[in-house]
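I opened a new structure today and kept notes as I went. The entries are in the order in which I looked things up.

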Amino acid sequence: MQDTVNMAESEFDEEEEPPFSDQEDFVDDIDDEELLEDVLRERPLEADGIDSVVLVDNVPQVGPERLEKLKNVIHKIFSKFGKITNEFYPEAAGTTKGYIFLEYASPNHALEAVKNADGYKLDKQHTFRVNLFTDFDKYMNISDQWQTPEKQPFKDFGNMRHWLEDPDCRDQYSVIYESGERTAIFSNDPKEPILVEERARWTETYVRWSPKGTYLATFHQRGIALWGGEKFKQIQRFSHQGVSLIDFSPCERYVVTFSPLMDTKEDPQAIIIWDILTGQKKRGFHCESSAHWPIFKWSQDGKFFARMTQDTLSIYETPSMGLLDKKSLKISGIKDFSWSPGDNIIAFWVPEDKDIPARVTLMQFPSRLEIRVRNLFNVVDCKLHWQRQGDYLCVKVDRTPRGTQGVVTNFEIFRMREKQVPVDVVEMKESIIAFAWEPNGSKFAVLHGESPRINASFYHVKSNGKIDLIKMFDKQQANSIFWSPQGQFLVLAGLRSMNGALAFVDTSDCTIMYIAEHYMASDVEWDPTGRYVVTSVSWWSHKVDNAYWLWTFQGRLLQKNNKDRFCQLLWRPCPPTLLGQEQIKAIKKDLKKYSKIFEQKDRLSQSKASKELVDKRRLMMEEYSRYKDSAIQLYNQQRELRLELRGGVDTDELDSNVEDWEEETIEFFISEEIIPLGDLE
């Protein structure tokens, strides 16, 4: 019996183990959800647990000896919002990293911590930023995103001035519409705008281009973002809670932001100056009011910026952001100041004080040398107007002459490029509505008088020390003057209450080229080249007929672009040309050489046929030419055969000897009609 059992076990051991793998053609049509439904229902979700976790950034970085004290401070602050069950302080090289994770017993407690502790000021250097960890997308690259600017690796954003390489030299402009919900960038084209980029909720209020067009600034509750490059990637961001106003330095190295929400006595944060390249905060300032923005005014090269307070003019220098010579200028009663656009010169004016007359002073920096002082009497108010190149300064002086009750206006014209800065005076007896310099010339335009008798006068500042009145147009419907950036041409516009009346003027001979109207127009914007001008009705000022129209500089209407609740259009500025004056003169001299190419391009662009259709027609013409050549070749090859078939008669030449033809006239009788003379009477 034992032998039988042993033999059975031996046979069993020798048998092969049965296969448990699926056959090659087996198809598993039962998924896990069906097979293990009850088990999977209890599976923990990926987000379980982390909805109670908050991330606290801008926490002090401390070593082991101060870590316990930091934990006590953090726990005291954040335990107000609920029970903390777990804390994690990441460390590197023996110190904390500057951010921590706190886990609450309930997601509601985490939400309370975010609402109440975000923006909490621990000390002068540390203001907490608190967010839910479930905002996972924001923190995928958290270690890189929140490191200090000095440690950020170099990022290549591509060609930051790619739009200047457009083969058709198209300029770009930004458009905000749908009451701010959508923002788009277009390339300008006479036929129709070409969409470059469009995004929803790109900005929360409005946008702003930097002075050279490199960056597009968008506004957000938490700060400012700068965009640029070919695909408008985010270049930089600046955290400034509640920011409402910004200003760039002319060199695009710095940006100034203003927020009415962040200022404290200990740590001034109402105005912050940032380094655009690094994202660093350079300095903060107090500010009680932003009524006269920008608070800081920049010198033309960005080396200095200045601020006026009561009886004080403070000049700061970059990159230190400290006071020039460590002290401000004490100027009793200073009312206004302005930098020259061409030199580091400040013009400021001071009103009369008892027996001391009012005065306008020109001061050079950094030397603080007074290069010209002009005394003025019976002054009510002054306005400073610089010509764009800094060649001239116009001080508009409102006076009340003794013995009279009315106000008389004088234009004090300072010739900045001449020795000792001579001053010419133009007296205006009517009230002044608007004044504007020709950007790159020596002419200026003035609107004066009272509606409906508003006059437009044009003056020329001559090199012989005279100022001539060139022309005056009377009875104009205008309250604004808009010069072309290239000079010579301007638009006299009657905006808003004047129903959008437009007059296109050529100041070379002072003729009105065209008169038009864009009803209820609120804005006029010239493109950087001076070839096109846009008039628009903004939803921010008028709730109906919101659109922007594109005109040529001569007043020919090219486009009417209606956008739902259109708000704002801004042309993208262009940087100054790199060409010297001699190169520009040479190009102008040889312009006729290129005129044929330009005219051909213009004809092509004016054609209604699209580029694809033009290419198709060109291919068809080339195909026809090839067919024609082959047909002529075949025709010539068959000449001998034709002569043989026609008995030696060369029929190819029958119609060629025109001089041997004889003309014969043949008349055909068609019909005859007899009309009695009595019927005619």
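The notes below go from the whole protein to single residues.

**Entry 1: ground rules.** I am working with a predicted model, in which local features need pLDDT of at least 70 and side-chain atom pairs count only at pLDDT 80 or more, while totals for chains, interfaces and linings use all residues. Residues are numbered from 1 along each chain as its sequence is written, and side-chain values use heavy atoms, with hydrogens and water left out.

**Entry 2: the whole protein.** I looked up the helices and strands and found 11 helices and 43 strands. Both are DSSP runs numbered from the N terminus, with helices being H or I of at least four residues and strands E of at least two. Of the 681 residues, 39% count as buried. Buried means under 20% relative accessible area, exposed over 50%, and partly exposed in between, with a 1.4 Å probe and protein chains only. The accessible surface comes to about 42,100 Å², and carbon and sulfur atoms hold 50% of it. Areas come from the Shrake-Rupley method with a 1.4 Å probe, and for residues only the protein chains shown count as cover.

**Entry 3: cysteines.** How many disulfides does a search of the whole structure find? The search finds 0. A disulfide is taken as a pair of cysteine sulfur atoms within 2.5 Å. I checked cysteine 169: the closest cysteine sulfur is in cysteine 574, 9.7 Å away, which is too far for a bond. Cysteine 169 is exposed at 52% relative accessibility, whereas cysteine 567 is buried at 3%.

**Entry 4: salt bridges.** I counted 24 salt bridges, each a side-chain nitrogen of Lys or Arg within 4 Å of a carboxyl oxygen of Asp or Glu. In one of them, aspartate 189 meets arginine 170 at 3.2 Å, N to O. Aspartate 189 is in the loop between β8 (182-187) and β9 (194-200) and arginine 170 in the loop between α6 and β7, so the pair ties together parts 19 residues apart in sequence. Aspartate 189 is buried at 11%, and arginine 170 is partly exposed at 21%.

I also noted arginine 374 with glutamate 412, where the closest N and O atoms are 2.9 Å apart. This pair joins strand β26 (residues 369-376) to strand β29 (residues 408-415), so it ties together parts 38 residues apart in sequence. Arginine 374 is partly exposed at 22%, but glutamate 412 is buried at 2%.

A further bridge links arginine 565 to aspartate 564 at 3.0 Å between the closest N and O atoms. Salt bridges that share partners join Asp166, Asp168, Arg170 and Asp189 into one network.

**Entry 5: aspartate 168.** Where is aspartate 168? I found it in the loop between α6 (142-145) and β7 (172-177). Aspartate 168 is partly exposed at 42%.

**Entry 6: a surface patch.** I found a nonpolar patch of Leu579, Ile587, Leu591, Tyr594, Ile597 and Phe598, with about 530 Å² of accessible area together. Patch residues have over 30% relative accessible area and no salt bridge; like charges are joined within 9 Å, and nonpolar side chains (Val, Leu, Ile, Met, Phe, Trp, Tyr) within 5 Å. Helix α8 (residues 591-606) gives the most, with 4 residues. Isoleucine 587 sits in helix α7 (residues 581-589) and is partly exposed at 38%.
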